[in-house]
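Here is a short report on one structure. It covers aromatic rings, then a metal site.

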Amino acid sequence: MNARFGMKRKVVFGVTALISIAAGVVPASALPGSSHHWGVITRNTIGSPVAALRDGPYGSFGVTGTAARPPYGRGSLGIEVADRSTSLTPPSEKVSFGNEVDFYGKPVLGATGLNQVGFHVFQTGENVSYGGPTNMPNVTFEINPNLTAAPATAYSSLVWLPAASPVTNRWSGYLDATTTGTWFLTGNAGTVTGCSLATPCAFPQLKIALNDGGAQPTIYTAAVGKGRDNMWIGAVDGLRINGTIYDFEASGVKTRRAT
Ligand SMILES: [Ca+2]
Ligand SMILES: [Ca+2]
């Protein structure tokens, strides 16, 4: 019975999809592809945190509707990071789940640079209790800042710190990194641009600071990260970078064209 039912469903879906495509209802660009270049960036991960492509989370219990399920597909990137758990200073863990291939060499600025960035988050009340409402995962781009005033600085992490999630114990809507939260650069690039962890910048301000003439900043890697600060257990899905949405699924990272 089950096999028969499954076959019937499959056929029905196939016919529907074909009709939809023929009628132009489902644009080809909306059909998911995939990227095999995502995973834990070993250099940037400390301790034994979890960054796992998983089903769900669904919930929390009692929550219904779109906020009770991952925004894309049926899974997400589950993240678990502890605070006091290594012999290092600080002792907290850090995780970086990213891609060292697909963004390498691409520009930070200009029409083909970073113009759309953001994600959906599953934030919990517990995480807020561990580190406050802005205890959140980040988006990190390792870049060559190519600053005229600091020609020897060929590396910095460009980090988006989201504002507090507007909801807890359920999925958020899209958190837009170009209009909310703040950005900073690590190391000397932060000092030179004025966009440091101590004095982070809004996205437009950051772009102005990086646009200092001469060679343009370029990307090495892109990642979702957390740490090193507070314990955090939650999930991220629908990472958007420009025209592509990275749909984290237990079966892998699907790519969808943003509409
Ligand atoms: Ca997903
Ligand atoms: Ca420059």
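## A buried tryptophan and its partner

W38 is buried, with a relative accessible area of 10%. F248 is buried too, at 0%. Buried means under 20% relative accessible area, exposed over 50%, and partly exposed in between (1.4 Å probe, protein chains only).

This is a predicted model: local features need pLDDT of at least 70, side-chain atom pairs count only at pLDDT 80 or more, and totals for chains, interfaces and linings use all residues. Side-chain values use heavy atoms, without hydrogens and water; residues are numbered from 1 along each chain as its sequence is written, while chains are lettered from A and ligands numbered from 1 in the order in which they are written.

## Aromatic pairs

The structure holds 11 aromatic pairs. Rings of Phe, Tyr and Trp (its six-membered ring) pair if their centres lie within 6.5 Å; planes under 30 degrees apart count as stacked, over 60 as edge-to-face and the rest as tilted. The W38 and F248 planes stand at 75°, with centres 6.0 Å apart, so this pair is edge-to-face. Ring pairs also link W38, F97, F103, Y246 and F248 into a cluster.

W183 and F203 form a tilted pair, 5.0 Å centre to centre with 40° between the planes. Both W183 and F203 are buried.

## The calcium site

Four residues coordinate the calcium ion (ligand 2) at 2.3 to 2.5 Å: N146 (O), D212 (OD), G213 (O) and A215 (O). Donors are N, O and S atoms within 2.8 Å of the metal (3.2 Å for Na, K and Ca); water is not among the atoms, so sites may look incomplete.

G213 is partly exposed, at 29% relative accessible area. A215 is partly exposed at 45%.
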